[in-house]
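Please look over the sequence and the model shown here before reading the notes on packing.

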Amino acid sequence: MKNLHDLRIFCETAQQGSLSACARKMDLSPAVVSASLKRLEADLGVLLFIRSTRNLRLTQKGEQFLRYCTDALAILDEATTQMHSEDAELSGVIQLSAPSDLGRNLLLPWLDEFMALHQKLEIRLQLSDSPADLYSQPVDLALRYGKPKDSGFIAIPIAPDNVPVLCASPSYIEHFGSPKTLQELTQHNCLCHGHNDTLHTRWVFNKDNKNTSIDVTGNRQCKDGDITRKWAIAGKGIARKSHLDIVQDLIQGRLIELDVDGWQGETFPLNLICAERRLLSPTVNAFKIHLQQKVAALLTQLGRNKLTMKA
């Protein structure tokens with residue numbers, strides 16, 4: 001496959017549906033288009049199109065190759081654009097969805113810093129604990145915890161090792177103590193969070209590659225993660241929160257991470273998600289790097305804070 005131009009002719013022919021239409025679109029002769037496709041088929045050793053005097057359609061192998069070819073060309077085009085625009089000022093609109101807690105307490109200042117660096121950017125932010133529909137809503141990117149439900153989405157790791165942790169305020173622990181076993185959680189007021197029609201009252205834990213779960217109860221329930229966090233800070237009960245969401249609270253001492261006999265939540269990664277690879281523009285790439293750097297700095301600060309406390 002020595003000629004990249006052959007790949008572009010193949011994709012354009014598939015999109016246009018005929019050799020002549022591709023030739024007109026690319027300002028080539030039909031003979032050049034036909035020769036290019038034959039050369040590509042010979043190189044691959046497969047038939048890409050079924051031709052007749054009036055019709056042209058992809059074979060099954062052709063449809064399969066088209067998917068890979070389209071993605072490959074998009075990546076190459078993006079790389080070329082990136083090379084020529086590294087020094088150019090970023091511009092455009094970022095339409096972003098994020099969870100309420102993460103958005104209000106971490107993302108907002110990070111966005112301010114990013115926009116201060118790139119003043120031609122616009123941000124359209126949507127905060128909700130219910131996952132945004134990237135196909136029907138005006139959202140291009142979404143920050144979401146966990147593995148994407150749609151396997152076709154592009155997921156860029158921002159905090160791949162994030163886990164949910166149990167936490168409570170110093171005042172709560174002073175009045176009610178800290179659970180030492182999972183069973184003791186049933187004796188505490190647990191602050192339950194959910195979204196849509198789901199309320200998470202069964203908490204799952206992992207230890208030594210073994211999973212277990214326990215049903216918890218409490219007198220406060222909410223489908224806004226930031227409210228659950230504020231209740232925990234106010235000493236109203238024990239919360240199960242994303243580690244990343246409460247890092248600043250742990251550093252400042254507003255919350256304390258609870259160790260319940262070594263049981264931990266399963267990995268709960270934070271990803272930047274988009275529906276199509278073509279959305280991975282230089283602006284998105286720069287935004288991704290900005291988020292990864294901010295998360296890394298925050299976790300490093302937490303690690304240093306723990307070392308100081310132990311010392």
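## Basis of the values

This is a predicted model, in which local features need pLDDT of at least 70 and side-chain atom pairs count only at pLDDT 80 or more, while totals for chains, interfaces and linings use all residues. Residues are numbered from 1 along each chain as its sequence is written, and side-chain values use heavy atoms, with hydrogens and water left out.

## Nonpolar cores

A nonpolar core is a set of buried Ala, Val, Leu, Ile, Met, Phe, Trp, Tyr and Cys residues joined through side-chain atoms within 4.5 Å, where buried means under 20% relative accessible area, exposed over 50% and partly exposed in between (1.4 Å probe, protein chains only). The largest such core has 40 residues, and those with the most contacts inside it are L96, L107, L143, L244, L270, L272 and F287. Among the elements that each supply at least two residues of this core are β3 (91–98), α5 (100–117), β15 (270–274) and α9 (282–310); helices (H or I, at least four residues) and strands (E, at least two) are DSSP runs numbered from the N terminus.

Leaving out residues up to four places away in sequence, F287 touches I94, L96, L107, L111, F114 and L272, contact meaning heavy atoms within 4.5 Å. Another core, of 16 residues, lies apart from the largest one and includes C11, C22, L37 and L56.

T283 belongs to helix α9 and counts as buried because its relative accessibility is 11%. Beyond its neighbours within four places in sequence, T283 is in contact with L90, S91, I94, F114 and L121.

T181 is found in the loop between α6 (170–176) and β8 (190–195), and with a relative accessible area of 32% T181 is partly exposed. The C-alpha atoms of T181 and V260 are separated by 5.2 Å, although the two residues are 79 residues apart along the chain.
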